Amino acid sequence: MLMGDLRRAIDRNELLLQYQPKLQIATHKVCGSEALVRWQHPQHGMLSPARFIKLAESTGLITPLTYWVLDTALGQRYAWHEEGDERPISVNLSARDLRDPKLLERVRGAFATWGARPDWIEFELTESALMEDPVAALETLLHLKGLDTCLTIDDFGTGYSSLAYLQKLPVDALKIDQSFVMRMQSDDDDSAKIVRSIVELAHNLDLQVVAEGVENQETLDRLARFGCDIAQGFSISRPMSGDQFRDWEAHSTWH
Ligand code: C2E
Ligand code: CA
Ligand code: CA
């Protein structure tokens with residue numbers, strides 16, 4: 001049922017984006033945000049991406065969905081640019097997007113439409129998406145990097161990439177999978193060791209490191225001690241609409 005609806009949903013603008021702030025830990029400043037899609041379904045209410053992204057991937061609808069997300073994120077980014085806010089918005093790409101022969105052309109076109117600079121948008125690609133076809137993924141990443149955009153490996157630590165492969169990837173940051181970060185909160189020593197090791201690995205490879213799923217202050221403090229660069233999670237803020245983002249920033253303790 002949802003499958004039939006999704007095509008129309010994209011055309012009828014039933015999708016919406018929420019933005020979750022990214023916090024630069026050392027300065028306590030919000031340094032950007034991640035765009036996360038939701039579906040305001042006329043019958044089923046607000047649907048989370050867990051309900052429809054896999055479906056979209058298996059039916060090929062992820063392609064128009066990704067284009068919609070990119071265009072909408074650029075529209076928001078344009079509005080923020082007009083307000084003098086130059087912080088990047090991160091957009092998630094799926095495994096199938098990496099195999100989309102038109103991806104580059106679409107990204108270039110969308111950037112041109114909005115008069116966007118390459119640093120307006122960043123892309124997140126999960127480690128497991130890259131590993132579905134490592135050779136093709138590397139090629140697509142090189143093309144995206146050729147546009148001068150920042151690239152992050154998402155859900156890092158769960159996708160079985162080799163260190164040799166990692167070294168070849170033209171990426172700027174690793175985002176530690178939230179399962180490790182969240183288990184760190186429940187006093188799991190092994191998870192804390194994994195998080196600390198990924199921070200070190202990233203820095204030794206000259207990459208930035210992001211921790212997601214940060215749900216409390218104690219974890220944020222520990223991440224700071226580990227030297228982690230950026231944090232994202234409910235303890236900073238849940239994802240919110242563009243307008244809410246503005247209000248939240250005006251009233252939050254993070255600047
Ligand atoms: P992701 O890219 O790893 O996004 C992080 C998810 O963790 C988001 O869930 C976010 O709301 C949630 N999250 C953030 N902080 C916390 C926290 O402190 N605790 C907990 N428990 N969760 C936290 P969301 O928005 O439901 O998205 C789920 C997944 O759906 C995303 O995982 C991503 O893989 C996919 N997704 C979302 N938007 C898009 C999109 O536009 N395109 C594609 N291809 N995938 C998307
Ligand atoms: Ca992501
Ligand atoms: Ca993630």
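Author: Ligand 1 is surrounded by 22 residues, the closest being Gln20, Arg38, Asp154, Glu215 and Phe234; a residue counts as near if one of its heavy atoms lies within 4 Å. This is a predicted model, in which local features need pLDDT of at least 70 and side-chain atom pairs count only at pLDDT 80 or more, while totals for chains, interfaces and linings use all residues. Residues are numbered from 1 along each chain as its sequence is written, chains are lettered from A and ligands numbered from 1 in the order in which they are written, and side-chain values use heavy atoms, with hydrogens and water left out.

The shell around ligand 1 comprises ten nonpolar, six polar and six charged residues, where Ala, Val, Leu, Ile, Met, Phe, Trp, Tyr, Cys and Pro count as nonpolar, Asp, Glu, Lys and Arg as charged, and the others, Gly among them, as polar. Oxygen atoms of ligand 1 lie 2.8 Å from a polar side-chain atom of arginine 38, 3.2 Å from one of asparagine 92 and 3.4 Å from one of glutamate 212. On its own, ligand 1 has 800 Å² of accessible area (Shrake-Rupley method, 1.4 Å probe), and the protein covers 83% of this area. Elements giving two or more residues to the shell include strand 2 (29-41), helix 3 (62-82) and strand 6 (150-156); helices (H or I, at least four residues) and strands (E, at least two) are DSSP runs numbered from the N terminus. Strand 2 gives the most, with four residues.

The calcium ion (ligand 2) is coordinated at 2.2 to 2.3 Å by Glu34 (OE), Asn92 (OD1), Glu124 (OE) and Asp154 (OD); donors are N, O and S atoms within 2.8 Å of the metal (3.2 Å for Na, K and Ca), and sites may look incomplete because water is not among the atoms. Glutamate 34 lies in strand 2 and glutamate 124 in strand 5 (residues 121-126), so the pair ties together parts that are 90 residues apart in sequence. Aspartate 154 bridges the calcium ion (ligand 2) and the calcium ion (ligand 3), which are 4.3 Å apart.

Definitions and conventions
Polar contact = N/O pair within 3.5 Å; in protein donor to acceptor, adjacent residues only side chain to side chain.
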